[in-house]
Amino acid sequence: MISPERFTALGKHQTEFTRLDVFERPRHVVEVVLSGDELTAFCPITHQPDFYSYEVRYRPVRTCIEAKTFKLMIGSFRDRAAFAETLASDIAQLVHEATGAETEVVLRQHVRGGIALTARAMIPEAQ
């Protein structure tokens, strides 16, 4: 049985991102995909809001990410100035650091100014 005290947000009134919580990978799980369309940040130059759809794929080695802390992480970018490419890289790094897993992040910036932008970041499994 997993102890609830291990988690920073699950089962608690936690509203700010502090870290990605993890739990032991279930035996037959080989890939996890987290996706959504509620990621926002703003342009570091114009300060206009940018809206994204995202897909995060990782191949867990020992641990999986607890979903509520992932949601809090995604929400933490709301007040951050970042280009799409930087955001993709930063999300990949956070997931990789938490799991040590091969990680791929694809961000699709919603069309603004007639341009569609997709940024992909990949980090190989930790050795």
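Which residues does Ala-92 touch, not counting residues up to four places away in sequence? In this predicted model, Ala-92 touches Thr-103, Val-105, Ala-121 and Ile-123. The protein chain has 127 residues, of which 36% count as buried, and its secondary structure comes to 2 helices and 6 strands. Read along the sequence, these elements follow the pattern β-β-β-β-α-α-β-β. Among contacts between residues at least 6 apart in sequence, 62% join residues at least 24 apart.

**Helix H2 and its buried side**

- Helix H2 takes in residues 84-99, 16 residues in total, and reaches 23 Å from its first C-alpha to its last, which is close to the 22 Å expected at 1.5 Å a residue.
- The buried residues in H2 are Ala-84, Leu-87, Ala-88, Ile-91, Ala-92, Val-95, His-96 and Thr-99. These residues lie on the same side of H2, because they cover an arc of only 160° around the axis.
- Just after H2, Gly-100 takes a positive phi of about 70°.

**Ala-92, within H2**

- Ala-92 has its place in helix H2, and with a relative accessibility of 1% it counts as buried because the cut-off for that class is under 20%.
- One of the residues that Ala-92 touches is Ile-123; the two are 31 residues apart in sequence, while their C-alpha atoms are 6.9 Å apart in space.

**Thr-99, within H2**

- Thr-99 also lies in helix H2 and is buried, with a relative accessible area of 5%.
- The side chain of Thr-99 reaches two backbone atoms: the oxygen of Val-95 at 2.9 Å, and the nitrogen of Ala-101 at 3.1 Å.
- When its neighbours within four places in sequence are left aside, Thr-99 is in contact with Val-22, Tyr-58, Thr-63 and Ile-65.

**The largest nonpolar core**

- The largest nonpolar core has 28 residues, and those that touch the most other members are Leu-39, Val-56, Tyr-58, Phe-70, Leu-87, Ile-91 and Leu-107.
- At least two residues of this core come from each of the following elements: strand S2 (32-42), S3, strand S4 (63-65), H1, H2, strand S5 (102-112) and strand S6 (115-123).
- The element that gives the most to this core is H2, with 6 residues.
- Leu-107, not counting residues up to four places away in sequence, touches Leu-39, Tyr-52, Ser-53, Tyr-54, Ala-84, Leu-87, Ala-88, Ile-91, Leu-117, Thr-118 and Ala-119.

**Helix H1 and its cover**

- In H1, the residues that are buried are Thr-69, Phe-70, Leu-72, Met-73 and Ile-74, and what covers them includes S2, S3, S4 and H2.
- At the start of H1, a side-chain oxygen of Glu-66 reaches to within 2.7 Å of the backbone nitrogen of Lys-68.
- Lys-68 itself has its place in helix H1 (residues 67-75) and is partly exposed, with a relative accessible area of 27%.
- Although Lys-68 and Leu-20 are 48 residues apart along the chain, their C-alpha atoms are separated by 8.7 Å.

**The aromatic pair**

- The structure holds 1 aromatic pair, formed by Tyr-54 and Phe-70, whose ring centres are 5.9 Å apart and whose planes stand at 55°, so the pair is tilted.
- The pair links distant parts of the chain, given that Tyr-54 is in strand S3 (residues 49-59) and Phe-70 is in helix H1, 16 residues apart.
- Both partners are buried: Tyr-54 has a relative accessible area of 12%, and Phe-70 has a relative accessibility of 4%.

Notes: Residues are numbered from 1 along each chain as its sequence is written. This is a predicted model: local features need pLDDT of at least 70, side-chain atom pairs count only at pLDDT 80 or more; totals for chains, interfaces and linings use all residues. Side-chain values use heavy atoms; hydrogens and water are left out. Helices (H or I, at least four residues) and strands (E, at least two) are DSSP runs, numbered from the N terminus. The expected span of a helix is 1.5 Å times one less than its number of residues. Buried means under 20% relative accessible area, exposed over 50%, partly exposed in between (1.4 Å probe, protein chains only). The arc is that of the directions from the helix axis to the C-beta atoms. Rings of Phe, Tyr and Trp (its six-membered ring) pair if their centres lie within 6.5 Å; planes under 30 degrees apart count as stacked, over 60 as edge-to-face and the rest as tilted. Contact means heavy atoms within 4.5 Å. A nonpolar core is a set of buried Ala, Val, Leu, Ile, Met, Phe, Trp, Tyr and Cys residues joined through side-chain atoms within 4.5 Å. A polar contact is a pair of N or O atoms within 3.5 Å; within protein, one must be able to donate a hydrogen and the other to accept it, and residues adjacent in sequence count only if both atoms are side-chain atoms.
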